[in-house]
Structures are given as structure tokens and as C-alpha cells.
Amino acid sequence: MYVRIFSRYIAKSLLTFFAGVVGVLAFVIFMNHFIRVLDIAMTYGTSWGWIISSLLNILPDVFCLSAPMAFQIAILLTLTNMSEQGELIALRAAGFSFKEMVQPLLVCALILSMLLVIMNNWLTPRSYKQFVNRREEAYSKITKVTLEPKTFINLGDWDLYLDELDPSSDTARMIHLVNKNDTGALSTKVNASSGKIVLTDTAIGLQLEDGQMQRVDNKDPSSIIAANFDSYTMSISLLKERSRRLRVGEMTTTKLLRRLRKDPLTPALANEFRTAISMRNVLAFSPLILLFVSCPIAFSLGKRTNKGWGMLLSVVIIFSFYLLMTLGLSLGKKYAWISYPGPWLPVLVGLVAGTWLWKKRLNI
């Protein structure tokens, strides 16, 4: 009964710290993305729906980045807080072993790791792909178009000039269009005395009246083609054609493995795929390794230790973990024979260091 009460108490304390820290870290990371998304929205004139959709697709990646660090900080804050208040000494005096104290923390670490395995390998790549698609959708749009009279308006391949514009009826007078990218002509112009203009998010439609189209041949500048018209309808797309290659972060682990087996890849790209797969799982299982290293350090601290020491030790451990992972990633991308095991370097070092700490410092 007492073990169950204690387990609930320490798990509740851990989850409280974890929720607070992950909220702060996620907010900091999220705000960096939010500023970029808002800048794109302001530049390309996207809708509120686009902004909300993009931000929602960022959330899984933000959580996966912040959760391991938040869990590490929460472990040491929980244990140093208990040490500061003398609760660890009281539990030891009551007959609780260090392993029994770690059990509720271990359960929380296992649950978080299983969640991160699913998110890192499948959910987050899909969400990130949706985010990149939305971003490319915005990039494919011509910078936000505002119809103004007596101003040259950039419409991609065309420049539009309106001498007069009535916004209430979408009618204009003295309309001039110039094609800037007609490869078969020195210049292509469309002029009209009046017309109606309809602007949407993806295109601009023009119903021109009483005008003329002129085209000067590229090979023979003296050859001019001119045609008068009473009524002419045309549409100009506000979307630019863009092609892109899927990034590693947009592909699920299943797809990466499938491409490694079937597609002919360059050695560098194959190494990148392998290290990406390993890195996702290293980050997923990092709560278990961080727990294994942190607990003996926290248990060996004295009663006078406060939460400030917990924060400091967390920063050192997190920095060391990511430094080793970066080193392993670099080696894995360079040498094919360690492309899979390379990113697991912090896990290996953590297991060795944790084993030494448990045996030597706590003598158990």
C-alpha cells in the first residue's frame, strides 16, 4: 500500500514538472516557427486557414523536440526537490531501495518513449510533410496582389497597369498588359479601353473591351502582329510552378527503409537515410537513457541540494547527450559502416556512465 502511495506521489510530482517544462520549451520552439509562418503569410497574402493549418502541423515536431529535454529536467527537479526536503532520506530510512524509488519514474519514461517511437517514426514526418506542402503552396503564389490605379502590378509573367479603377464594380479603364517572359517575342502587349477585373487567391480574370493585342517577333523585329478585338477574356494564374524533392524529414521510417531496399541511392543519400532512422529512435528512447544517468546523480546529492543544481545538472547532461549524438550523426553520414550505429553513440556512453554511477557512487 505504501509503495503504491509513494509511486503515485513521485509520478504526480514528475508529471507536474514535466508539464511545466515541456510547456515552456515547446512555447519557445513554437514561437520561432510562428514568426516564420506569419512572415510567409504577410508576404504572400495567405488566409487564416493556411496559418492555422501550418501551425497545427508543426505541433508534433515541436513536442518531439522538447519532450526529451523536458523529461530530463523534470527528473532532476523532482529528485532534487525531494532531496531538498529530506524525503529521499526518509524513504531510505523507511526501507525503500533506490530501485523501488526509480520504478514510477521508469514507467513514465517507458510510456513517453513508446509515444515518441510512434511520433518520430510515423506521425511527425507526415505532419512535417503537410507543413512543407502548405509552405510550398504559399511560395508558389505571387506576392500578395493589390489592385491599384496608375501603378504597375506584378502578376508573374505579366505586368498590369490600370489608369482608372472602380473597386465597387471591379471595372477599369485604360488597361495595359505586358508579357515579360514570352520567349518567342521581343514584346507582347494587350491594351484595352475598358474592362472588368476579378481577383481571387489563385488567379486574376480579365474581361477586356475594345482593345488590341500586339506581338513583336523575336527573330524578325520588323514583323509585328496586331489584332483588334471588341471583347477578349483572359486569365492570369497567380501560382508559380515549383518542383521539389521530398526531404528526409518528410518521409516515414517505413518509406525510408523501403527506398533503401529498392531505390538506387547515392552513398551519401543512403547514409543520410540510415542516420535519420537511427536518430529518430535514439531521441525516442532518450528518456530511458537520461533517466538511467540522472537518477544515481540525484540520489547521491546531499540534503542541501536545491532545484538550481537540478537545472544546472540537466543542462550539462542534455548538452553532453546532444553533443555525442551530433558527433555520431556526422560520423554516420561520412562512413557507411557506422551509418546505423553512429547516432547511438550517446546511448552507448549513457549506458556505460550510468552503470558506473549506479555501481561505484551508490554501491548497489
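# Reading a predicted fold, feature by feature

Author: Let's start with Cys 64: its sulfur lies 18 Å from the closest cysteine sulfur, the one in Cys 108, so the two are too far apart for a bond. A disulfide is counted when two cysteine sulfur atoms are within 2.5 Å. Before we go on, two notes on reading this. This is a predicted model, where local features need pLDDT of at least 70 and side-chain atom pairs count only at pLDDT 80 or more, while totals for chains, interfaces and linings use all residues. Residues are numbered from 1 along each chain as its sequence is written, and side-chain values use heavy atoms, leaving out hydrogens and water.

Reader: Is Cys 64 buried or exposed?

Author: You judge that by relative accessible area: under 20% is buried, over 50% is exposed, and in between is partly exposed (1.4 Å probe, protein chains only). Cys 64 has 5%, so call it buried. Cys 295 comes out at 0%, and therefore it's buried too.

Reader: Okay, helices next. What span should helix 6 have?

Author: Helices here are DSSP runs (H or I, at least four residues), strands likewise (E, at least two), all numbered from the N terminus. For the expected span, multiply 1.5 Å by one less than the number of residues. Helix 6 covers residues 267-299, which is 33 residues, so it should span 48 Å; its end C-alpha atoms are 46 Å apart, and that agrees.

Reader: How many salt bridges does the count come to?

Author: Side chains of opposite charge can pair when their charged atoms come close. The rule asks for a side-chain nitrogen of Lys or Arg within 4 Å of a carboxyl oxygen of Asp or Glu. By that rule there are three. One of them joins the side chains of Arg 134 and Glu 137, at 3.1 Å from N to O.

Reader: Why are Arg 134 and Glu 137 separated by about one helical turn?

Author: An α-helix has 3.6 residues a turn, so residues three or four places apart point the same way. Arg 134 and Glu 137 sit three residues apart in helix 4 (residues 98-139), which means about one turn lies between them. Glu 137 has 39% relative accessibility, so it's partly exposed.

Reader: Which residue does Lys 150 form a salt bridge with?

Author: Asp 163, with the closest N and O atoms 3.2 Å apart. This pair links distant parts of the chain: Lys 150 is in the loop between helix 4 and strand 1 (152-155), Asp 163 is in strand 2 (residues 158-166), and they are 13 residues apart. Lys 150 is exposed because its relative accessibility is 56%, whereas Asp 163, at 24%, is partly exposed. Then there's Arg 259 with Asp 263, whose closest N and O atoms are 3.0 Å apart. Both ends are partly exposed, Arg 259 at 23% and Asp 263 at 34%.

Reader: Which residues form a nonpolar patch on the surface?

Author: A patch takes residues with over 30% relative accessible area and no salt bridge; like charges are joined within 9 Å, and nonpolar side chains (Val, Leu, Ile, Met, Phe, Trp, Tyr) within 5 Å. Areas come from the Shrake-Rupley method with a 1.4 Å probe, and for residues only the protein chains shown count as cover. Here the members are Trp 48, Ile 52, Leu 56 and Leu 59, with about 470 Å² of accessible area together. Ile 52 belongs to helix 2 (residues 48-84) and is partly exposed at 49%.

Reader: What about phi at Asp 170?

Author: Asp 170 has a positive phi of about 60°, although it isn't a glycine. Look for Asp 170 in the loop between strand 2 and strand 3 (171-179). Met 174 isn't a glycine either, yet its phi is positive, about 55°, and Met 174 lies in strand 3.
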